Amino acid sequence: MTAKITMPLKVREQQHVSVFLSGAVQGIGFRPFVFRLAQELGLTGFVRNSTNGVIIEAEGSPQKVAAFLKRIPEEKPPLSFIQNYQYTLLDPIGFSNFVIRESDEGSLKSAVVPPDIATCPECLAEILDPQNRRYLYPFTNCTQCGPRFSIVEALPYDRVNTSMKKFRMCPDCAEEYNNPDDRRFHAQPNACPKCGPHLELWDAKGKVIATRREAVSQAVDNIKKGKIAAVKGIGGFHLFADAHNEKSVQLLRKRKHREEKPFALMFPTLKSIEAQCRVSPQERALLLSGESPIVLLIKKRKIGRLKAVANSVAPGNPSLGAMLPYSPLHHILMKELGRAVVATSANLAEEPICADEKEALQRLGGIADVFLVHDRPIVRSIDDSVVRVVMNRPLVIRRARGYAPLPVTVRTEGPSVLAVGGHLKNTVALNVKGNVFICQHIGDLQTEQSLQAFRRAAMNLQGLYATSPAYIACDMHPDYLSTKFAKDSKLPLIKVQHHHAHIVSCMAENRLDGTVLGISWDGTGYGPDGTVWGGEFLKSTLTDYERVAHLKSFMLPGGDKAAMEPRRVAAAILYELAEGDWKEFKDLAPIKSFTSKERKVIKDMMCKKVNAPVTTSMGRLFDAVASLMDIKQVLRFEGQAAMGLEYILEGARTDSAYDYAVDRNPDGGYILNWTTTVQGIIKDVRKKMAAPKISAKFHNTLVEMALDIAKRVGEKRIVLSGGCFQNK
Ligand code: ZN
Ligand code: ZN
């Protein structure tokens, strides 16, 4: 450190620089950082937040100013993210000192709201220190950590615009908040046991059983006894159950109506995760990151019986979704518990996560035995994010807490567009001057609750950034509820083909322009020809596409029902192979799984083409293969069959693949014909070839198909997107 120079004396030449920064630069100690740097360099002037970012005016010698401009991006606070960095040199004004000015209310709100960040090591040390005034205080935070997006009501990000406004800081907290040298300088949610939020433990009727530390202890006792606790966290409620208690986990499954879909786990320590799962350095870094997501990890083969979590946490699944405590409350709870808990979003299947304690009592009444609540309101409900490492890169499977609402920057600024997303795994996005703000994962728009959450998120994004969109973008599917919402808005509509949207999203994320070959494979999406698309090769630009190849089509007897019953898809594929006759396949698992009456109904649907839409879906082809191999005939959750095929690949080594054909499409382009692929699989199944090998051969075939079409189309840049590419 160089010595502090408070007033540069005898400076011959002064320079004045005006700096504008945007990105995630508010609420993470950016202004104090600038203040300290200016002090160190002996510059005068000021720094302030604006609705768009941070503005700095600084004066000093040219060398000092140059050092200042160089060091800002180099030494910026770890959580900040500078998107735009502009400066102009002006005539000196003669500031007398360097100060932090109050925020101003500008016109256009495009400042980036920081995401919610996991408890930092300093704060953690404080809450574990019996001498500290924040000892075991569950709402400890600082400029480096704590809630952000989940508590912001409006911009700029100041305490009066958060749900902390109702708590008046005590003199000690106010002193920290106003001291530029303090870690809590302008930490908007700053609080302590004297002045901040507090815990209560309620019974299932909402009666207060205990408060403060006693509330934690009693919640822990309940969990240890096998009870289910609803715990109010950062972005909503979790349901906590002892992950080592088979009965408790099964009880949670029963009450939550969740049969087989894996539960996420919260572990007390990294060591306790490593006792159960294989953890690579990259996965470890993700677990310990400020985003603190759920990381999908492979279970260790050999775990001591006492250490292993209950089987029903993730039945038949070789991986576990693990996360570490990310709020002080979680740290305190997990320390007292000392073992892994199921920490699943508190909701009924596919409904949005519950965020308000009164609502929680009502909605979770039959699920949770006790409620650990507090009086810091959650402005926005946000699920935990889910990440897995694929090919040494993190692949975000559910983008929510820790990531939302960081924007994707696009090159074209254009008018503001609100994009309302699809039907499953819905997310809403708003383009404000080249920043595409993506809201938290909302879920499937199948219940009134998720539909309400969707509407709230759409309105909320516009309110937060004070932006009225000029256009609204929606899926082409006429029946999606998000599409109906778009139509009702009366704004000019931009209808986007589902798979083209997948490709363009990937292009935007990777800042690609021009033409690419987009390979978009997923379960279902509306095709403009009236069929269900899902195995698509689209030669795409940012605005347009040409369908250059697709899978050979097949029927989905029963429509939506077929998406949950792989055996129906297999039956349809076999129907195509044998021209409507299943006699030669009656030894195969999917055909055997139906009663003769069911077989007749399904065949009738296809013969008469009633309730049997035509599809080119790759997701469904995975289902059919899983069914032929008798991995899964009826699904308990979406994607289960493809996951099954992926899991059994573990350890399989083969370069061989099945045959396939590339047919000329009379309408132009190519059709990938899977007839010989399926015939090959049937042959191997009948030979009782090991399932991992069949799965590997099938996956290899898909790789060869993709490569084949790519060579024929001749585009060098290939973009892969769609649900199938979440498959490792
Ligand atoms: Zn902190
Ligand atoms: Zn206080």
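**Entry 1: aromatic rings**

I began with Trp521, Phe537 and Phe725, which form one aromatic cluster. I noted at once that this is a predicted model, so every entry below describes a prediction.

Next I looked up how many aromatic pairs there are; the count comes to 13. I picked out the pair of Phe437 and Tyr465. Their ring centres are 4.0 Å apart and their planes stand at 15 degrees. Planes under 30 degrees apart count as stacked, so this pair is stacked.

Where do Phe437 and Tyr465 lie? I found Phe437 in strand S20 (residues 435-438). Tyr465 is in the loop between helix H11 (448-464) and strand S21 (471-475). The pair therefore ties together parts that are 28 residues apart in sequence. I also checked burial: both Phe437 and Tyr465 are buried.

**Entry 2: charges over rings**

I then looked for charged ends placed over rings. The charged end of Arg380 sits over the ring of Phe149, at 4.4 Å from the ring centre. For Arg712, the ring is that of Tyr670, and the charged end sits over it, 5.3 Å from its centre.

**Entry 3: Ser695**

I located Ser695 in helix H21 (residues 691-713). Is Ser695 buried or exposed? Its relative accessible area is 0%. Buried means under 20%, so Ser695 is buried.

I looked up what surrounds this residue. Leaving aside neighbours within four places in sequence, Ser695 is in contact with Met629, Leu645, Ile648 and Leu649. I looked again at Leu645: its backbone oxygen lies 2.7 Å from a polar atom of the Ser695 side chain.

**Entry 4: salt bridges**

How many salt bridges does the structure hold? I recorded 35 salt bridges. Side chains of opposite charge can pair when their charged atoms come close. I wrote up three of these pairs.

The pair I took up to begin with was Arg71 and Glu75, which form a salt bridge with their closest N and O atoms 2.7 Å apart. Arg71 and Glu75 are four residues apart in helix H2 (residues 62-75), so about one helical turn separates them. I noted Glu75 as partly exposed, with a relative accessible area of 37%.

I turned next to Arg133 and Glu176, a salt bridge whose closest N and O atoms are 3.1 Å apart. This pair links distant parts of the chain, 43 residues apart. Arg133 is in the loop between helix H3 (121-127) and helix H4 (171-178), while Glu176 is in helix H4. I compared their burial with the cut-off. Arg133 has 32% relative accessibility and counts as partly exposed. Glu176 has 11%, which means that it counts as buried.

My last pair was Arg401 and Asp384, whose side chains meet in a salt bridge at 2.9 Å, N to O. Arg401 lies in the loop between strand S16 (393-398) and strand S17 (407-409). Asp384 lies in the loop between strand S14 (370-374) and strand S15 (386-390). The two are 17 residues apart in sequence, so the pair ties those parts together. I found Arg401 at 2% relative accessibility, which counts as buried. Asp384, at 4%, counts as buried too.

**Entry 5: a network**

Which residues are joined into one network by salt bridges that share partners? I listed Glu126, Arg133, Arg134, Glu176, Arg183 and Arg184.

Notes. Residues numbered from 1 in each chain as written. Chains lettered and ligands numbered in written order. Predicted model: local features only at pLDDT ≥ 70, side-chain atom pairs only at ≥ 80, totals over all residues. Heavy atoms only, no water. Phe/Tyr/Trp six-rings, centres within 6.5 Å; stacked < 30°, edge-to-face > 60°. Buried < 20%, exposed > 50% of the residue type's maximum accessible area, 1.4 Å probe, protein only. Lys NZ or Arg CZ within 6 Å of the ring centre and 35° of its normal. Polar contact = N/O pair within 3.5 Å; in protein donor to acceptor, adjacent residues only side chain to side chain. Contact = heavy atoms within 4.5 Å. Salt bridge = Lys/Arg side-chain N within 4 Å of Asp/Glu carboxyl O.
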